[in-house]
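Subject: Structure handover and notes

Dear colleague,

Here is the structure for your files.

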Amino acid sequence: QVQLVESGGGLVQAGGSLRLSCAASGRTFSTYAMGWFRQAPGKEREFVARISWSGISTDYVDSVKGRFTISRDNAKNTVYLQMNSLKREDTAVYYCAAGKLRVGGLTPDYWGQGTQVTVSS
């Protein structure tokens, strides 16, 4: 069992930056691939970024490439999402997920409760 708690969301102006954190409980954190998803009002939840258990492999949705960076610290059981050059369309609830990497990408087994990111113009 893994419990995930996100933090770091908030209100930021377009062009600004935020860093989201996701703290995980459980001694098996380092065996899971981790990811970030987001859900904007009236839209389905979408994949944003994922990182392998080792931290060596990462992947991003095209709309955030070059602006967002996912990283992890297995010693701290924490995964991060550094978000730079934020745009209004990045406004969403951001969810942390832990799971397995498969051919199609990250398949979440566990979800956090979400943290709101609002980008104003």
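The notes below cover salt bridges, the nonpolar core and strand pairing.

This is a predicted model: local features need pLDDT of at least 70 and side-chain atom pairs count only at pLDDT 80 or more, while totals for chains, interfaces and linings use all residues. Residues are numbered from 1 along each chain as its sequence is written, and side-chain values use heavy atoms, with hydrogens and water left out.

Salt bridges

Five salt bridges turn up in a search of the whole structure; the criterion is a side-chain nitrogen of Lys or Arg within 4 Å of a carboxyl oxygen of Asp or Glu. One of them joins Asp90 and Arg67, with the closest N and O atoms 2.8 Å apart. This pair links distant parts of the chain, 23 residues apart: Asp90 sits in the loop between β8 (78–83) and β9 (92–102), and Arg67 in the loop between β6 (58–60) and β7 (68–73). Strands here are DSSP runs of E, at least two residues long, numbered from the N terminus. Asp90 is buried at 1% relative accessible area, and Arg67 is buried at 10% (buried is under 20%, exposed over 50%, partly exposed in between; 1.4 Å probe, protein chains only).

Lys65 is partly exposed at 46%, whereas Asp62 is exposed at 61%. In the salt bridge between Lys100 and Asp109, the closest N and O atoms are 3.8 Å apart. Lys100 is partly exposed at 34%, and Asp109 is partly exposed at 42%.

Core

The largest nonpolar core has 30 residues, and Leu4, Met34, Trp36, Leu81, Met83 and Tyr94 touch the most other members. Such a core is a set of buried Ala, Val, Leu, Ile, Met, Phe, Trp, Tyr and Cys residues joined through side-chain atoms within 4.5 Å. Strands that each supply at least two residues of this core include β4 (33–39), β8 and β11 (115–120). Beyond its neighbours within four places in sequence, Leu81 has contacts (heavy atoms within 4.5 Å) that include Trp36, Val48, Phe68, Ile70 and Tyr94.

Strand β11

Thr115, Val117 and Val119 form the covered face of β11, and Gln116, Thr118 and Ser120 the uncovered one. β11 pairs with β2 (residues 10–13) in the parallel sense over four bridges (pairing requires at least two DSSP bridges between the strands). Val12 has Val119 as its bridge partner in β11. With β9, β11 pairs in the antiparallel sense over three bridges, and Val93 is partnered there by Gln116.

Regards
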